[in-house]
Amino acid sequence: MTIRDLDKNGVWRAMTIALLAATVGLLLLGWQYRQLEEKRLPALEKEMQRQSEEIERRSAQNALERFMSARLNKREAQAALYLTENAAEQERLKEFTLLDDYDSFKILSSEKLAEG
């Protein structure tokens, strides 16, 4: 074996070691990332659900405020736009009056209802 052969073997050996080290490093980082995502993903999903519910709550509150503002200002046509089919039927049957002598309103409680 000549010095040139030793250099070739040394270069190949060094490249093989570097390739193995890089592969092990990538596998380790991939495993660590997967572990992190398994812990983080449920927390992210929970946060997204909370934000969605908050947006929905604000939207409902804004609609209620516009509805009540129309009622307070005696704008029946505008207030009627916010009625559900069931509420419109109750109003038609005079089970409640859309306009009255209201001067203010206050939200005492709120709850999420099932669809429909």
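Visitor: By how much of a helical turn are Arg-57 and Glu-54 separated in helix H1?
Guide: This is a predicted model, in which local features need pLDDT of at least 70 and side-chain atom pairs count only at pLDDT 80 or more, while totals for chains, interfaces and linings use all residues. Residues are numbered from 1 along each chain as its sequence is written, and side-chain values use heavy atoms, with hydrogens and water left out. Helices are DSSP runs of H or I with at least four residues, numbered from the N terminus. Arg-57 and Glu-54 are 3 residues apart in helix H1, so their separation is about one helical turn.

Visitor: How far apart are the closest N and O atoms of Arg-57 and Glu-54?
Guide: A salt bridge is a side-chain nitrogen of Lys or Arg within 4 Å of a carboxyl oxygen of Asp or Glu. Arg-57 and Glu-54 form one, and the distance between their closest N and O atoms is 2.6 Å.

Visitor: Which residue is linked with Glu-54 and Arg-57 in a network of salt bridges?
Guide: The structure holds 7 salt bridges. The network that takes in Glu-54 and Arg-57 also includes Arg-58.

Visitor: What is the relative accessible area of Arg-50?
Guide: Arg-50 and Glu-47 meet in a salt bridge of 2.7 Å, N to O, and about one helical turn separates them, because they are 3 residues apart in H1. Buried means under 20% relative accessible area, exposed over 50%, and partly exposed in between, with a 1.4 Å probe and protein chains only. Glu-47 is partly exposed at 32%. Arg-50 is partly exposed too, and its relative accessible area is 45%.

Visitor: How many residues apart in sequence are the parts that Lys-74 and Asp-101 tie together?
Guide: The side chains of Lys-74 and Asp-101 meet in a salt bridge at 3.9 Å, N to O. Lys-74 lies in the loop between H1 and helix H2 (76–80) and Asp-101 in the segment after helix H3 (85–92), so the pair ties together parts whose separation in sequence is 27 residues.

Visitor: What is the phi of Lys-94?
Guide: Lys-74 has a positive phi of about 60 degrees although it is not a glycine. Lys-94 is found in the segment after H3 and is exposed, with a relative accessible area of 68%. Lys-94 is also a residue other than glycine with a positive phi, near 65 degrees.

Visitor: How far apart in space are Glu-56 and Ala-21, C-alpha to C-alpha?
Guide: Glu-56 has its place in helix H1 and counts as partly exposed at 42%. In sequence, Glu-56 and Ala-21 are 35 residues apart. In space, C-alpha to C-alpha, the distance is 51 Å.

Visitor: How many charged residues are in the lining of the largest pocket?
Guide: On a 1 Å grid over the protein atoms alone, a pocket is an open set of points where a 1.4 Å probe fits, with protein on both sides within 12 Å along at least five of seven lines; lining residues have an atom within 4 Å of a point. The largest pocket has 19 lining residues, and among those nearest its centre are Ala-60 and Glu-111. Asp, Glu, Lys and Arg count as charged, Ala, Val, Leu, Ile, Met, Phe, Trp, Tyr, Cys and Pro as nonpolar, and the others as polar. The lining has 9 nonpolar and 4 polar residues, and its charged residues number 6.

Terms used: Helices (H or I, at least four residues) and strands (E, at least two) are DSSP runs, numbered from the N terminus.
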